[in-house]
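I opened the model and kept notes as I went. The entries follow the order in which I looked things up.

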Amino acid sequence: MPKETGRKLIAQNKRARHDYDILDTYEAGLVLMGTEVKALRAGRASLVDGFAQIADGEIWLHNVHIPEYTEGTWTNHAPRRRRKLLLHRAEIEKLIGKTQEGGLTLVPLSLYFKDGRAKVEIALARGRKSYDKRHALAERDAAREMSRIMGQQAKRRG
């Protein structure tokens with residue numbers, strides 16, 4: 001059987017980019033059980049309520065829902081158990097310092113397979129207020145409108 005290469009997206013947390021200002025992103029490995037990997041290979045997971053927390057110098061992923069594997073037996077996993085993230089020690093130390101500054105949190109952005117290994121992209125993020133969200137939406141709409149008008153003008157000239 002050939003080795004898997006490339007990146008296969010399993011789940012994405014679109015809400016995180018709306019609710020938070022993303023300051024920095026990190027790619028982390030996950031410590032998973034066999035049935036969790038099989039459920040992920042079936043393309044099933046949800047990052048909606050997920051967050052990462054630092055405890056005893058390690059980073060743990062909470063509230064990420066990986067449903068039970070349908071073919072699994074009594075060895076099946078708990079769908080919302082906490083999972084350890086694998087990062088380099090220097091990255092963990094950096095994240096500990098940043099999150100202790102205050103106002104910053106760790107949120108999962110996407111879950112994917114990279115060269116056959118399950119990875120999660122976590123972001124160091126600052127929560128947005130509701131008026132910030134409206135402002136960001138207005139900016140995005142304005143930028144979209146500008147590019148649409150520029151495209152129309154380019155077609156007229158061409």
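Entry 1, charges over rings. I started with Arg82, whose charged end sits over the ring of Trp60, 3.9 Å from its centre. The cut-off I used puts NZ of Lys or CZ of Arg within 6 Å of the ring centre and within 35 degrees of the ring normal. I also noted Arg41, with its charged end over the ring of Phe113 at 4.2 Å from the centre.

The model is predicted, so local features need pLDDT of at least 70 and side-chain atom pairs count only at pLDDT 80 or more, while totals for chains, interfaces and linings use all residues. Residues are numbered from 1 along each chain as its sequence is written, and side-chain values use heavy atoms, with hydrogens and water left out.

How many aromatic pairs does a search of the whole structure find? I got zero. The test takes rings of Phe, Tyr and Trp (its six-membered ring) with centres within 6.5 Å; planes under 30 degrees apart would count as stacked, over 60 as edge-to-face and the rest as tilted.

Entry 4, layout. I count four helices and seven strands in the chain. These are DSSP runs numbered from the N terminus, helices being H or I of at least four residues and strands E of at least two. From the N terminus on, the order is β-α-β-α-β-β-β-α-β-β-α. Of the contacts with a separation of 6 or more, 69% are between residues 24 or more positions apart; contact means heavy atoms within 4.5 Å. Buried residues make up 31% of the 158 residues, where buried is under 20% relative accessible area, exposed over 50% and partly exposed in between (1.4 Å probe, protein chains only).

Why do I call strand β7 largely enclosed by the rest of the structure? Eight of the 11 residues of β7 (residues 117-127) are buried, so the rest of the structure largely encloses this strand. I then looked up its pairings, which require at least two DSSP bridges between two strands. Strand β2 (residues 20-30) pairs with β7 in the antiparallel sense over nine bridges, and Asp24 has Leu124 in β7 as its bridge partner. Strand β6 (residues 104-114) also runs antiparallel to β7, joined by 10 bridges; here Lys114 stands opposite Arg117. β6 and β7 form a hairpin with two residues between them, and Asp115 in the turn has a positive phi of about 50°.

Entry 6, salt bridges. I found six in the whole structure, taking a side-chain nitrogen of Lys or Arg within 4 Å of a carboxyl oxygen of Asp or Glu. Glu27 forms one with Lys114, with the closest N and O atoms 3.3 Å apart. Glu27 lies in β2 and Lys114 in β6, so this pair ties together parts 87 residues apart in sequence. Glu27 is partly exposed at 33%, and Lys114 is partly exposed at 35%.

Another salt bridge joins Arg15 and Asp19 (3.5 Å, N to O). They are four residues apart in helix α1 (residues 14-19), separated by about one helical turn. Asp19 is buried, at 18% relative accessible area. In helix α3 (residues 89-101), Glu93 and Arg89 are likewise four residues apart, or about one helical turn. Their closest N and O atoms are 3.6 Å apart in a salt bridge. Glu93 is partly exposed at 44%, and Arg89 is partly exposed at 47%.

I define a core as buried Ala, Val, Leu, Ile, Met, Phe, Trp, Tyr and Cys residues joined through side-chain atoms within 4.5 Å. Which members of the largest core touch the most other members? Of its 26 residues, these are Ile59, Leu85, Leu87, Leu95, Leu111 and Val120. The elements giving two or more residues to this core are β1 (7-12), β2, α2 (34-41), β4, α3, β6 and β7. Apart from this core lies another, of five residues, among them Ala16, Leu109, Ala123 and Ala125. Leaving aside neighbours within four places in sequence, Leu95 is in contact with Tyr26, Ile54, Ile59, Leu87, Leu106, Ile122 and Leu124.

I found Pro67 in the loop between β4 (58-62) and β5 (83-86). Pro67 counts as buried at 12% relative accessibility. Its C-alpha atom is separated by 6.6 Å from that of Ala45, 22 residues apart along the chain.
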